[in-house]
Amino acid sequence: MAHGVKKAAAIGGGVIGGGWVARFLLNGIDVAVYDPHPEAKRIMSEILANAERAYAKMLLPPLGEMGTLTFHDTIADAVKDADYIQESVPERLDIKHKVFAEIEATAKKGALIGSSTSGYKPSELQDGAKHPERIFVAHPFNPVYLLPLVELVRTEKNDPKALDRAAAFLTEVGMKPLHVRKEIDAHIADRFLEAVWREGLWLIKDGIATTEEIDDAIRFGFGLRWAQMGLFETYRVAGGEAGMRHFIAQFGPCLSWPWTKLMDVPELTDELVEMIATQSDEQSGKYTIRELERIRDDNLVGILQALKANDWGAGQSLKEMENRFYAKAHAGSAKTEIEDGKPLQLYSTQVRGDWVDYNGHMTEFRYLQVLADGTDAFLIFIGMDETYRKRGLSIYTVETHIRHVRECKAGEKLTLYTRLLGKDEKRLRILHEVLNEAGDVVCTGEHMLLHVNTEEARACPMESPVTDRVETIARAHGGIGTPEFAGRPIRTI
Ligand SMILES: NC(=O)C1=CN([C@@H]2O[C@H](COP(=O)(O)OP(=O)(O)OC[C@H]3O[C@@H](n4cnc5c(N)ncnc54)[C@H](O)[C@@H]3O)[C@@H](O)[C@H]2O)C=CC1
Ligand SMILES: C[N+](C)(C)CC(=O)CC(=O)[O-]
């Protein structure tokens, strides 16, 4: 469904607002921010730097162009052109109501207004609003730029179509919207977090465990299970071959034993707060918060990539996000004309800071990455897109010859010129020449590509529309000729 969102606004740019801004920008959406904090720009730039770093590690496709970030002095100025507005101000109803009143006064008629609230019900947020039908809960999880889940909660006052538009937009920026059927304090996920947190506080107060021991109990055990199967699927497996029924028969009675202190809330006395804070300092005080964020992000990226490889859970959101990044990266190339006697210009990129090695130059395997991204651009160009791949047809690279001609420094812009050197019904032989801004060749890559039936794992002839496109390119490139280095084996010495 078309969501119509071209521009977003973020009201509040702290931990969560900053995470939203990073997700939107990295997905190519322009964002206008209002946050009265005197250091809002510094905080945002640090969150954004961590997010860019995480995306570079997480995504295989080129990152593409980021959206534009602007800061504004008033809410009115920030929201006036926005199609999607995300409120992430402190968790206080009076502040949220004041902010919604200001947003409503200026926002465009059809603008979607989501709130990051962890616990308020949408009816509480809508209370006193002129246009309650525009306000809904879009509750994310920290770090917003990495975790896909967003809980969408509405009331009967909301237009369901507006929520569908919001869901479509949030899906497009890589999120997994979960529609909460009925409004409830703290939605779905925070109910769990509160329950676990309460237990944790009691275990500390009663002198049973320290903050570190509690974290170990989670991260070495059930936390790993929850990340990939959640609660009920995990317990189904724990029931053995007899599954869920057996699990409930065995452990159901424990629920009425004193295994939990959920009914009680420990009073957060100064003494308890001091005990928790001191233990937390001992556990993690050697890292700054930004360092901890990077450690967390690297771990999450690894977990998300493992889940992607198994096409499971949050990994499916990552896979879909990557497909969108590939499609976006090559959308421009689809408009390229095929000209007689001229190589195709389908892909350009920039040498990133973290691609550079101890010699100060782009490291060896990044040359292959640039060439492989160029090959992907070529494949999309000839019609081998997601729709074609869904037919069980794809291309595998079976041979590559790279010539490293020149060093590349961080920040250099590289442009690929691609030509078709040869073809038969199952194979394509292509050559990329990679030029820097001065027009010097920095490397060449010659690749043999084999068309395959991915379900049967065997080579097979290409099909329409790829065949027609390849035919046209072959005719246009026939006259360019083959450079002397093409097809040459590595020299003997
Ligand atoms: N921190 C977390 O783990 C999560 C928080 N949330 C929710 O997100 C919202 C924001 O929480 P955090 O980002 O953690 O808080 P935070 O304290 O990090 O950020 C709040 C930001 O709002 C700004 N602000 C204060 N008054 C404002 C106003 N009138 N207009 C615009 N900006 C204003 C502050 O300067 C600050 O930068 C809350 O509703 C919270 O429940 C949701 C998911 C997770
Ligand atoms: C602790 N919290 C209620 C702010 C947590 C959330 O709302 C979600 C999260 O990211 O854990």
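Reader: Of the 20 residues around ligand 1, which come nearest?

Author: A residue counts as near a molecule if one of its heavy atoms lies within 4 Å of it. In this predicted model, Ile16, Asp35, Glu91, Lys96 and Ser118 come nearest to ligand 1. Local features need pLDDT of at least 70 and side-chain atom pairs pLDDT 80 or more, while totals for linings use all residues.

Reader: Which polar side-chain atom lies 2.7 Å from an oxygen atom of ligand 1?

Author: A polar contact is a pair of N or O atoms within 3.5 Å. The atom in question belongs to Ser118. Backbone N or O atoms also take part: that of Val15 lies 3.0 Å from an oxygen atom of ligand 1, and that of Ile16 lies 2.9 Å from one. Of the 830 Å² of accessible area that ligand 1 has on its own, the protein covers 74%; such areas come from the Shrake-Rupley method with a 1.4 Å probe.

Reader: Which residues are around ligand 2?

Author: They are Ser118, His139, Phe141, Asn142, Asp190 and Leu193. A polar side-chain atom of Ser118 is 2.8 Å from an oxygen atom of ligand 2, and an N or O atom in the side chain of Asp190 is 2.8 Å from an oxygen atom of this ligand. For Asn142, a polar backbone atom is 2.9 Å from an oxygen atom of ligand 2. Taken alone, ligand 2 exposes 320 Å², of which the protein buries 58%.

Technical notes:
Residues are numbered from 1 along each chain as its sequence is written. Chains are lettered from A and ligands numbered from 1 in the order in which they are written. Side-chain values use heavy atoms; hydrogens and water are left out. A polar contact is a pair of N or O atoms within 3.5 Å; within protein, one must be able to donate a hydrogen and the other to accept it, and residues adjacent in sequence count only if both atoms are side-chain atoms.
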